[in-house]
Amino acid sequence: KHTATTGSGTGGTFELLSEKSATGTEIEFTGIPEDAKEITVMFKGVSQNSSRDILVQLGYSNSWIASGYVSNSENTQGNERTFSANGFVIYSHTAAAELHGSMIINKASSSSYTEIGEFRRSNSGGAHARGSLSSVSDTVTRLKVTILNQNNQDAFDAGTISVSYKTSGGGGGIGGVIVENNGTALPIIANTLNFTGDGVTASGNNTTKTINVNGKFTGLTDTP
């Protein structure tokens, strides 16, 4: 996983998760944080052994969101199309299709998302995709790419898939953290806080971090 933290503006982050090979019946990506505002799914040479279409689903920590989507996709010639209420669908329609491109999923509200995608299928054409998801009742933390209406014989057989996400910061102004020592701000805005010493532990997998100090805490120091 690669991380870049913005130095100005909102102070949000961009994360690129590890690329995965397109094999088997589904490819899952975890570790999407609760404050992710934009998720991008990227295909490079993705194909499968059937004439079915491809489906992208969001998921909670313990279940997949398999309803509430309004999604369709069509070839760039505009004469063939597919749709789904079970996920964000991508028109593939033949085992000869080799998909290159990306799908961008934006958080539209606390309970909804929108999606748009563009893919190359062959030298003579591609696929458009668009849709939305409503009635999201929990925190989205993962995503998977699978095959629409698949059976036991359908599987991905080539290519790679990557996922990235962007988070929003705490508002405008300069990015980073202002650190105070007993109410007095230390010079230079910090990008990283490193807690050291006996009995000090830091934890947290989302925007809230917990710092436990079990011993005597002597304060923060400023290291250039």
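**Side-chain contacts in an all-strand model**

Y69 is buried, its relative accessible area being 4%; buried here means under 20%, exposed over 50% and partly exposed in between, with a 1.4 Å probe and protein chains only. The structure is a predicted model, in which local features need pLDDT of at least 70 and side-chain atom pairs count only at pLDDT 80 or more, while totals for chains, interfaces and linings use all residues. Residues are numbered from 1 along each chain as its sequence is written, and side-chain values use heavy atoms, with hydrogens and water left out.

Y69 takes part in one of the 2 aromatic pairs found in the whole structure. Rings of Phe, Tyr and Trp (its six-membered ring) pair if their centres lie within 6.5 Å, and planes under 30 degrees apart count as stacked, over 60 as edge-to-face and the rest as tilted. The ring centres of Y69 and F88 are 5.0 Å apart and the planes stand at 85 degrees, so this pair is edge-to-face. Y69 belongs to strand β7 (residues 69-75) and F88 to strand β9 (residues 88-90), 19 residues apart. F88 is buried too, at 0% relative accessibility.

The pair of F43 and F119 has ring centres 5.2 Å apart and planes at 50 degrees, so it is tilted. F43 in strand β5 and F119 in strand β11 (residues 112-122) are 76 residues apart.

Buried residues account for 36% of its 224 residues.

Turning to charged groups, the structure holds 7 salt bridges, each a side-chain nitrogen of Lys or Arg within 4 Å of a carboxyl oxygen of Asp or Glu. One of them joins K44 and E19 at 3.1 Å, N to O. K44 lies in strand β5 (residues 36-48) and E19 in the loop between β2 (13-16) and β3 (20-21), so the bridge ties together parts 25 residues apart in sequence. In another, the closest N and O atoms of K144 and E26 are 3.3 Å apart. This bridge connects strand β13 (residues 142-147) with strand β4 (residues 26-30), its partners being 118 residues apart. K144 is buried at 10%, whereas E26 is partly exposed at 35%.

Key: Helix = DSSP H or I, 4+ residues; strand = E, 2+ residues; numbered from the N terminus.
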